[in-house]
Amino acid sequence: MKKDIEELQDVVIRFAGDSGDGMQLTGTQFTKTTAVLGNDIATLPDYPSEIRAPQGSLAGVSAFQINFSSRDIRTPGDDPNVLVAMNPAALKTSLKDLVEGGILVINEDAFNAQNLAKAGYATNPLEDSALSRYLVYRIPITTMTVSALKDSGISKKEMDRSRNFFALGLMFWLFQRPMDITVEWIRKKFSKDKNIAEANVLALTAGYNYGENAEVIKKHYRIAPAKNVPGTYRNITGNEAAALGFLTAAKLANTPLFYGSYPITPASDILHELSKHKNFGVLTLQAEDEIAAMGATIGASFAGLMALTGTSGPGLSLKSEAMGLAVMTELPMVIANVQRGGPSTGLPTKTEQSDLLQAMYGRHSECPLAVVAPATSADCFQMAVEAFRIAVKFMTPVIYLSDGYLANGTEPWRIPEIDSLPKIEVKHPTDPASFKPYARDEKTLSRPWAIPGTPGLEHRIGGLEKLNIQGTVSHDPANHDVMMHLRAEKIERIADHIPLQEVFGKPEGKVLVVGWGGTYGAITSAVEELQKEYSVSSIHIRYLNPFPKNLGEILSKFETIIVPELNLGQLAHLLRAKYLVEAISFPKVQGQPFKIREIIDGIKKIMETKGGSSWKI
Amino acid sequence: MEDLKNLPTLTRKDFVSSQEVRWCPGCGDYSILAQAQKTMADMGIPREKFVVVSGIGCSSRMPYYVNTYGFHTIHGRAPTVATGIKVANPDLNVWVVTGDGDSLSIGGNHTLHALRKNIDLKILLFNNQIYGLTKGQYSPTSELGKKTKSSPYGSVDYPLSPLSFAAGAGATFIARTLASDPVHMGEVMGQAAKHRGVAFVEILQNCVIFNDNAYGELTEKETRPERILQLEQGKPLVFGKDRKKGIRLNGLTPEIVELGDDVKESDLLVHDAGRAGLNYAFLLAEMESPFPIPIGIFHREDRPTLDQMIHAQVAQARKALGEGDLMKVFRSGEVWEVA
Ligand code: SF4
């Protein structure tokens with residue numbers, strides 16, 4: 001049957017189902033194929049933190065959203081145009097987000113009395129008019145999968161489980177994607193059980209053919225490839241990009257990488273990724289707790305390695321005492337903090353940007369260190385390298401501040417040529433005559449990185465205050481004053497060695513929107529939209545301590561400063577304190593990223609209350 | 001190896017740093033320091049290969065006094081920093097200096113896992129049964145009912161035997177010695193230094209200021225023979241002034257017996273630090289009054305160390321996969337070209 005084809009610029013699909021429905025896998029496979037087709041993409045997995053929430057319950061809904069486009073996109077999309085709902089609970093949690101007139105693919109089989117009750121539906125939503133605003137495809141996905149697989153030689157239960165491949169096949173047809181990449185993946189993944197592998201391939205094909213043949217489906221869609229910067233691309237999550245960035249930094253420094261960590265969501269993937277690359281000489285240590293991971297990282301740094309630890313908010317709290325030791329001993333290392341919703345255990349699988357002040361100040365006494373934050377999933381690579389570059393050059397711990405949204409979300413990453421990246425220069429002194437443990441480099445104020453095993457440089461370091469230059473223990477009041485200032489000044493001087501802040505839009509005007517971290521996509525897209533009508537620019541700060549040197553000047557060129565953040569105004573607080581500007585916070589703390597529209601609306605509202613109709617251009 | 005041959009013989013003096021030692025006069029720590037320095041000098045390893053790591057407490061000042069690399073870390077965390085150093089560079093000889101509060105209270109978890117993982121560290125636990133640096137509060141090894149500044153009515157905490165803890169954690173070298181007995185201490189430290197794996201040495205150390213005479217019975221000439229059971233490999237467990245008392249097993253329980261017509265030496269438990277399993281070490285570690293206190297090497301066994309295994313895995317991965325190629329990793333998975 002010949003069906004119509006409609007050309008679209010961008011599409012947002014959300015796959016939603018029970019945790020056991022394989023929605024993450026389905027979404028990931030759709031993403032892979034879409035990436036290879038050359039669309040620009042951004043994805044957002046959203047899964048429950050319970051290991052196994054009750055089947056069919058609202059708490060157990062697992063979703064994966066992908067935005068793909070023929071143009072440059074920056075976020076996984078505000079609202080889906082297409083919703084695949086594998087059960088009533090998925091429909092209930094996601095329907096409110098589906099755009100008017102959007103496509104709704106429903107697994108009709110899952111809408112039985114029991115599942116409806118678990119989702120809190122008094123009546124079957126498929127039977128009332130609630131869905132009339134959408135283009136609804138009610139498909140008995142489970143039944144059709146089972147009937148397609150009746151000769152596959154696998155059990156009924158296993159047939160049931162293949163239903164997500166049927167749904168995936170249908171989506172492949174609907175959006176004109178080839179199946180071969182997924183077929184190849186299935187055969188590899190299930191290579192131990194040929195029957196299962198072939199059954200899944202069959203389910204996939206059945207879904208595809210269903211789209212092709214079913215009367216109810218009248219048309220499918222084409223999304224042309226995006227015009228990305230030329231190069232070789234792959235799709236990458238923020239955590240993968242970070243792991244590769246750390247690996248790259250070690251290579252650029254020609255020094256082995258040490259990764260000490262304790263498992264914690266959403267940072268564990270960094271450990272998993274790095275553990276795979278032992279043939280790079282990566283030494284990974286799963287420590288007994290967060291404190292031990294930090295201590296071991298300090299030890300590895302003292303011994304001369306590129307020392308790294310990774311964690312999330314609660315772990316950062318535990319590490320903070322030892323981070324003080326790292327600051328006192330002025331050793332280079334990176335602490336990767338992948339933020340999640342807090343406080344306390346909070347929302348472990350959800351995103352938030354609420355550890356900024358902890359990263360800045362969350363240690364006793366005056367304990368300055370550098371903080372950097374990637375802006376996108378792909379940027380995690382570069383900022384990971386940057387973190388080590390700063391750590392080594394300035395002999396300081398550096399916090400790499402990512403978040404769950406960046407860590408788990410994906411986007412295309414243009415693969416760099418390793419030879420084109422600047423080397424990280426590592427110097428270990430060897431001359432006993434000139435060695436002083438706390439002598440300082442004139443420019444950077446960094447102290448020498450003398451490592452055990454070097455003859456004649458035997459020395460002792462530790463948490464007690466050190467005598468300037470000599471490095472012996474000192475309780476002298478004047479010396480403490482000097483050292484306090486030196487430690488602070490050293491971090492300030494990093495500003496001379498980081499890029500100047502860039503402005504998106506005009507360098508001066510009425511409104512400046514200031515962001516940091518994973519909100520980059522939503523803020524930039526919102527500002528781009530607002531720029532059609534208003535005098536508004538934006539900056540996205542990737543170096544948070546110290547700030548870029550020109551930040552104060554940029555801020556001074558705008559009348560109003562608005563700071564959207566996934567916290568209650570932490571960056572706004574820092575900007576106010578440091579630059580005495582009236583930074584207006586625009587917070588969101590729902591464990592979810594900003595939607596572009598939320599930022600547009602929020603900024604407009606602030607502009608209105610500030611008398612901003614005159615700010616139109 | 002060539003290096004080693006050419007190495008000038010080192011003496012204790014080579015391991016004395018220029019820092020003035022600042023323990024209270026008469027503190028047991030002085031003699032421990034001297035024996036540690038001597039042990040290091042005797043190992044035939046160049047000075048720069050040593051790292052002494054400590055936590056917080058009186059004992060933990062030791063790194064400043066040893067002329068090697070040293071790291072005075074934070075309270076309880078010495079094993080973590082030491083682990084990082086040893087894993088980073090297994091060629092280094094890493095010592096941990098700690099106290100009863102440091103290693104068994106605030107740092108209990110790290111001590112447990114350093115022992116369990118068999119990291120090649122030499123851990124010297126100075127046990128004075130008191131918090132000295134904070135000026136005299138009861139510690140996890142203080143006896144029940146102990147009156148201190150923080151327990152004027154007597155402490156209500158049961159004490160922990162450090163060596164039972166070590167046995168429970170599966171340590172591969174477990175020993176006890178006395179700070180007041182330099183010869184014995186030197187021997188034990190020498191054995192610990194030779195051990196490949198985690199070596200846990202409890203040193204009973206007198207704090208003259210806050211817990212003087214805690215081990216008086218064990219060290220006084222008259223009482224020592226009755227109160228100390230000196231372990232000797234292959235020898236029966238005999239003690240007492242005339243060496244007429246022994247330890248015999250009655251089922252699973254040790255008992256004190258008088259040697260004589262009814263009981264022969266051959267009936268006694270024979271010391272063997274190499275026994276399989278940790279039951280025997282535990283039995284010794286649990287011996288307290290009226291039993292004599294055992295000193296010597298309770299247990300030793302050979303097992304691959306954590307640092308060895310981590311590096312072996314790296315070597316294996318390199319052999320199987322070749323040296324890592326970043327561009328190959330970058331390009332793993334689905335890639336596509338944009339022209
Ligand atoms: S307080 Fe006790 S343990 Fe500490 S140095 Fe003085 S005598 Fe030694």
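Which residues of helix α6 (residues 108-116) of chain B are buried? I took this up as the opening entry, working throughout from a predicted model.

**Entry 1: helix α6 of chain B**

I find G108(B), H110(B), T111(B), H113(B), A114(B) and L115(B) buried in α6(B). I then looked up what these buried residues pack against. Within chain B the partners are α4 (78-88), α5 (100-106), β4 (121-127), α7 (162-169) and β6 (199-204).

Just after α6(B), I stopped at N118(B), which takes a positive phi of about 50 degrees. N118(B) is a residue other than glycine and sits in the loop between α6 and β4 of chain B. I record N118(B) as buried because its relative accessible area is 1%, against a limit of 20%.

**Entry 2: chain B as a whole**

I count 13 helices and 12 strands in chain B. Its C-alpha trace spans about 95 × 50 × 45 Å along the principal axes. Of its 339 residues, 54% count as buried. Among contacts in chain B with a separation of 6 or more, 65% are between residues 24 or more positions apart.

**Entry 3: the ligand shell**

Which residues lie around the ligand? I list W23(B), C24(B), C27(B), C58(B), N128(B), Q205(B), C207(B), V208(B), I209(B) and F210(B). By class, I have eight nonpolar residues, two polar and no charged ones in this shell.

**Entry 4: domains and a helix pair in chain A**

I find chain A divided into domain 1 (4-223), domain 2 (233-420) and domain 3 (509-615). The C-alpha centres of domain 1 and domain 2 of chain A are 34 Å apart. Their contact draws 15 residues from domain 1 and 10 residues from domain 2.

I next examined α9 (residues 238-253) and α14 (residues 379-394) of chain A, which pack at an angle of about 40 degrees with axes 7 Å apart. The crossing of α9(A) and α14(A) is right-handed. From α9(A), the contact residues include G238(A), A241(A), L244(A), G245(A) and T248(A). On the α14(A) side I note C380(A), F381(A), A384(A), V385(A) and F388(A). The contact of α9(A) with α14(A) comprises 11 nonpolar, three polar and no charged residues.

**Entry 5: V371(A)**

I located V371(A) in strand β14 (residues 370-372) of chain A. Is V371(A) buried or exposed? V371(A) is buried, because its relative accessible area is 1%. Leaving aside neighbours within four places in sequence, I find V371(A) in contact with A359(A), M360(A), I399(A), L401(A), R542(A), Y543(A), L544(A) and N545(A). I also noted I335(A), 36 residues from V371(A) in sequence and 9.4 Å from it, C-alpha to C-alpha.

**Entry 6: backbone details in chain A**

N545(A), one of the contacts of V371(A), is joined to P546(A) by a cis peptide bond with omega of about -5 degrees. I place P546(A) in the loop between β20 (543-545) and α18 (551-556) of chain A. The peptide bond from T265(A) to P266(A) is cis, with omega near -5 degrees. P266(A) lies in the loop between β10 (257-261) and α10 (268-275) of chain A.

L445(A) is in the loop between β16 (410-414) and β17 (460-462) of chain A, and I count L445(A) as buried because its relative accessibility is 8%.

Terms used. Residues are numbered from 1 along each chain as its sequence is written. Chains are lettered from A and ligands numbered from 1 in the order in which they are written. This is a predicted model: local features need pLDDT of at least 70, side-chain atom pairs count only at pLDDT 80 or more; totals for chains, interfaces and linings use all residues. Side-chain values use heavy atoms; hydrogens and water are left out. Buried means under 20% relative accessible area, exposed over 50%, partly exposed in between (1.4 Å probe, protein chains only). Helices (H or I, at least four residues) and strands (E, at least two) are DSSP runs, numbered from the N terminus. Contact means heavy atoms within 4.5 Å. A residue is near a molecule or strand if one of its heavy atoms lies within 4 Å of it. Ala, Val, Leu, Ile, Met, Phe, Trp, Tyr, Cys and Pro count as nonpolar, Asp, Glu, Lys and Arg as charged, and the others, Gly among them, as polar. Axes are lines fitted to C-alpha atoms, for helices over the stretch in contact, and angles run from 0 to 180 degrees between N-to-C directions. A crossing is left-handed if the near helix is turned anticlockwise from the far one by less than a right angle, and right-handed if clockwise. Domain bounds come from an automatic or database domain assignment.
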